[in-house]
Amino acid sequence: MKISFYTFGCLVNSYETQKLKEIFIKHGDEVVENIDSDAVIINSCAVTGSAEKHVQELITRLKKKNFSRIIAVIGCYGEILKKNEKTFLPDVDILLGNDKFGIYEKIHAYARGRRQESGRASRLSQPTELPHSSLSGFVQIQNGCDNRCSFCIVPHLRGNSVSRPPQEIRKELQDMAAQGCREIALVGLNIGLYRKDGYDLSNILQMADEIQSIERIRLSSLEPMDVNSNFVEEFSKIEKLVSHLHIPLQSGSERILKQMNRNYRFEDYLYTITKIRDKMPGIAITTDIIVGFPGETEKDFQESMRNIIRCEFSDIHIFKYSMRKGTPAALMDNQITEHQKTSRAALLKGIKWQTKYNYNYNFLGQIEEASLFKPIEETCWEGITKHNIPVLVQNENGCLNGKFNVKITGISAGHEVLTGEVVS
Ligand code: SF4
């Protein structure tokens, strides 16, 4: 069968899609990037209402294009649909939640059922090659979350924190390295909670660091309550760690942080990132901010904006608060209107662009190490710098694939991308 995937949401979903693709390919199916497939698997997200809407729109589009194609929804939105039996998506043939690794059997059983119904001869799958080794990949080390932020549906859908055994992680890292993978992202829903057999996150980082052919290590987001001075000390010793951490602040207002049940004060957050910058000068720190949390007054929002500016983030991911049924915040009084949320998000966007420009401007004229792996055109390659900023590099002399030193010569109009030339 030809299978295609759509993945929404966090890096854990990306990792799980990667693993699912491997399962299908190992069993002789063909994973295709285009929409010309027998079945589509949508690995969904439910962190906001708009994430759910994107999935619904995609399903309608896919079904319109090819009515007979099998559509499967897995992941967090699938989990919500399963729990709420009244919710029904007529175009979905298979619905699984986060028990998504059963999807291989489900799809094949469904296809067999259809073939029997239509009396068609079954089409034999030809074994295909495993995917070409990629220079970068994900390794999931943890799942779930023990925190209970009042706005967040994730622990209700993924459960409490569970950490993978260190030996299993080591084996996966070694296998990926042996297949040519040079960049590893260690991912989980809340990787700061990693604890297993006496190992914590810094031990796992050391483990990845010790594998010689791995050149770079990335981390998925770290919650501020888990970043203590011991972590900072240990992180700073890992040379292969990219110079970037994503640490969600969620709000710069002390009162709103309390309402969100985030268990830290803004000043604690600022102290933590200041310590990180002392140990790792120039590191990129990005964050998530929710605007329009229930009860967020104009005064709270102004305080939040002032404090966000103080953090000098290299990028800010802005989310309008999205009411998630079953969370404490959904029951709070003083829900903010959509109009207010939109205008606050727009104001914060201004800060985002300024702070992003300020950070990226520092690299003009500098030599940055970058991994170049994606050809955009014949003479232009896209890559990512050590500080996790996308970079476009012109190259007239053919293939560029690997790690290079790039002289940064410009910043794109939206401040999103650096441009440069390879110097060595
Ligand atoms: S730390 Fe809070 S926001 Fe993050 S996954 Fe856990 S409960 Fe959700």
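Colleague: Hi! What should I know about numbering and confidence?
Modeller: Residues are numbered from 1 along each chain as its sequence is written. The model is predicted, so local features need pLDDT of at least 70 and side-chain atom pairs count only at pLDDT 80 or more, while totals for chains, interfaces and linings use all residues.

Colleague: How many residues of helix α3 are buried?
Modeller: Helices here are DSSP runs (H or I, at least four residues), as strands are (E, at least two), numbered from the N terminus. A residue is buried with 20 or more other C-beta atoms within 10 Å of its own, exposed with 12 or fewer, and partly exposed in between; C-beta atoms are placed from the backbone. Helix α3 spans residues 76-83 and is mostly covered, with the buried count at 6 of 8.

Colleague: Why does Glu233 count as exposed?
Modeller: Glu233 sits in helix α8, residues 229-237. Glu233 counts as exposed because its C-beta neighbours inside 10 Å number 12.

Colleague: Which residues have the most contacts inside the largest nonpolar core?
Modeller: Such a core joins buried Ala, Val, Leu, Ile, Met, Phe, Trp, Tyr and Cys residues through C-beta atoms within 7 Å. The largest one has 84 residues, and those with the most contacts inside it are Ile41, Ala72 and Leu186.

Colleague: Which residues are included in the second, separate core?
Modeller: This core has 12 residues. Among them are Phe363, Val393, Ile408 and Leu418.
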